[in-house]
Amino acid sequence: MVGIIGMEIYFPRTAVRQSELEKFMGEKEGKFTIGLGQQNMAFCNDLEDINSVCMTAVANLLEKYNIAPTDIGRLEVGTETLIDKSKSVKTSLCQLFNSHGNFDLEGVDNINACYGGTAALLNTISWVESSAWDGRYGLVVCGDIAVYEEGPARPTGGCAAVAMLIGRDAPLAMGSIRASHMEDAYDFYKPKLDSEYPTVFGQESNVCYLRALDGCYRRFALKYESANKTPFNLGQVDSVVLHSPYNKLVKKSGARMLYNDFLRNPDLPIFKKNGEKRSWRRYLHTCSFPPLRYAAKVEPSVLLPQELGNSYTASMYTGLLSLIHNWHKPKAGAQVDTEEQAKGKRVLMFSYGSGLAATLYSIQVAGATGHIAQAANLEERLKERKFVSPQEFTETLKDRETKYGKFDWSPEGDPSELFPGTYRLTKVDKHGRRSYERV
Ligand code: ACO
């Protein structure tokens, strides 16, 4: 089966606490931590741009999985963090491969808000399945530096890049059923080419997200039922991983899937078990999720999205990595074979990009995944972060504003503050050419 063989994440070392940010921004206590459900937010200074962030993720994946750069035959990028209207991020990543003699590397960038990572993954899966496949691995990297201007959207920023090694006989096998929802919408977009910030109609984007979820879920259920001759509902999957702009929306979306199950089949035993059918109708309005259901199906995948914030194209894949981490986390006092427990698990993946493009697909655990959790080493790496004040975070974003789209400058940030092995920008020359080095 074709799918994901290995995963690596990069996130910046610097982060701001949402509990401090809500106070700093003059909001009532709990607005960002409970209202949005977010814990912390990763961000970077002028030392990093989208090229360097993706370079770090790719270089770390190759090293951790001991893959020679010449063993990669296709490299696709998903991002919406644009620093050039023509030159792809992929071409900047080529320096990691060209230096090893690999110039035969198909693929470029995929752009549509937070959906680009999924587009890159689906393309790369198709390449491995196709007659054009040359026997080498595919590599997908999705990453973004998500920043918003001052205002209600600012706490829903974030930053991360996820690199994924794609091939045959993969432990995370792609399911054959997919359902999409595509529309022309202006919920979140970036028409200001001289600014890093998007134009966003936040509440409308939430409505678009849920409408796309409904469309994908219903179509997925119909396709599943037609292929398997058996009814589909949330009970058929072990976990749900959703694109995570902020945790509250993810929670509501899990409930929304359940509500769709109710509309399609109100006689399912789960609805009888939890009381009157009538009470389920209120989920349409409140989108609340029975706590036990959330804990079982959705919560195991929310660690990184809550800690790092919205990393746009990488967001759902940070969720998948969180889920794998959770499967293999040592459970207090219990001696369990985590590989045995994870085997066969079915995961539903919902990818949403404003504008809008959305796809629901599934992954099945067909082999060992413990090595992915081990390589990612999430708990240790999260502990090594440096938390700064909301004031410093705000000044850093102001500084990024002054440098966005400018030529002939060198970053002033302190490279010793970065995680060891991080690529950093060293210069943007007078023609807009960028240079990098690894710290
Ligand atoms: N304690 C607890 N909860 C609180 C508090 C408080 N003190 N204050 C408010 N809340 C709750 C609200 O009741 C609300 O909960 P609800 O959604 O269950 O009703 C929640 O916090 C959010 O409050 P709002 O007033 O709705 O939020 P606001 O208008 O400030 O902005 C938004 C939220 C729209 C998400 C904004 O941050 C934004 O525009 N973000 C970017 C867009 C985005 O992420 N869209 C999602 C999909 S598209 C994408 O991925 C980019």
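Trainee: Which helices each supply at least two residues of the shell around the ligand?

Mentor: A residue is near a molecule if its C-beta atom, placed from the backbone, lies within 6 Å of it, and helices (H or I, at least four residues) and strands (E, at least two) are DSSP runs numbered from the N terminus. Here α2 (31–35), α7 (202–228) and α8 each supply at least two residues of the shell around the ligand, and α7 gives the most, with five residues. This is a predicted model, in which local features need pLDDT of at least 70 and side-chain atom pairs count only at pLDDT 80 or more, while totals for chains, interfaces and linings use all residues. Residues are numbered from 1 along each chain as its sequence is written.

Trainee: Which residues come nearest to the ligand, and how do the residues of the shell divide into nonpolar, polar and charged?

Mentor: Of the 24 residues around the ligand, G30, G35, P152, G202 and P245 come nearest. For the division, Ala, Val, Leu, Ile, Met, Phe, Trp, Tyr, Cys and Pro count as nonpolar, Asp, Glu, Lys and Arg as charged, and the others, Gly among them, as polar. On that scheme the shell holds 11 nonpolar, nine polar and four charged residues.

Trainee: Which residues does UniProt list for "active site"?

Mentor: UniProt positions are given in the numbering used here, feature names are shortened, and annotations may be inferred rather than shown by experiment. For "active site", the unreviewed UniProt entry lists E80, C114 and H243. In the model, C114 lies in the loop between β5 (109–110) and α6 (116–129), whereas H243 lies in the loop between β11 (239–242) and α8 (247–264).

Trainee: Is C114 buried or exposed, and which residues does C114 touch?

Mentor: A residue is buried if 20 or more other C-beta atoms lie within 10 Å of its own, exposed if 12 or fewer, and partly exposed in between, with C-beta atoms placed from the backbone. C114 counts as buried because it has 32 C-beta neighbours inside 10 Å, and H243 counts as buried because it has 30 C-beta neighbours inside 10 Å. Two residues are in contact if their C-beta atoms, placed from the backbone, lie within 7 Å. Not counting residues up to four places away in sequence, C114 touches E80, H243, Y312, T313, S315, Y352, G353 and S354, while H243, counted in that way, touches C114, S315, M316, F350, S351 and Y352.

Trainee: Where are a positive phi and a cis peptide bond found in this model?

Mentor: Most residues other than glycine have a negative phi, and most peptide bonds are trans. A113, although not a glycine, has a positive phi of about 45 degrees; A113 lies in the loop between β5 and α6 and counts as buried because it has 22 C-beta neighbours inside 10 Å. D169, also not a glycine, has a positive phi of about 50 degrees; D169 lies in the loop between β7 (158–167) and β8 (172–182) and is exposed, with 11 other C-beta atoms within 10 Å. A cis peptide bond, with omega of about 5 degrees, joins G355 and L356, and L356 lies in the loop between β12 (346–353) and β13 (357–365).

Trainee: How many residues does the largest nonpolar core have?

Mentor: A nonpolar core is a set of buried Ala, Val, Leu, Ile, Met, Phe, Trp, Tyr and Cys residues joined through C-beta atoms within 7 Å. The largest one has 117 residues, and those with the most contacts inside it are C54, A57, V58, A161 and V162. The largest share of this core, nine residues, comes from helix α3 (residues 50–64). Not counting residues up to four places away in sequence, A57 touches E8, I9, Y10, V141, G143, A161, V162 and A163.

Trainee: How many helices and strands are there in the protein chain, and why is the chain said to be as compact as a globular protein of that length?

Mentor: The protein chain has 18 helices and 16 strands. The radius of gyration is taken over C-alpha atoms, and the globule rule is 2.2 Å times the number of residues to the power 0.38. The chain is as compact as a globular protein of that length because its radius of gyration is 21 Å, close to the 22 Å that the rule gives for 439 residues. Of the 439 residues, 47% count as buried.
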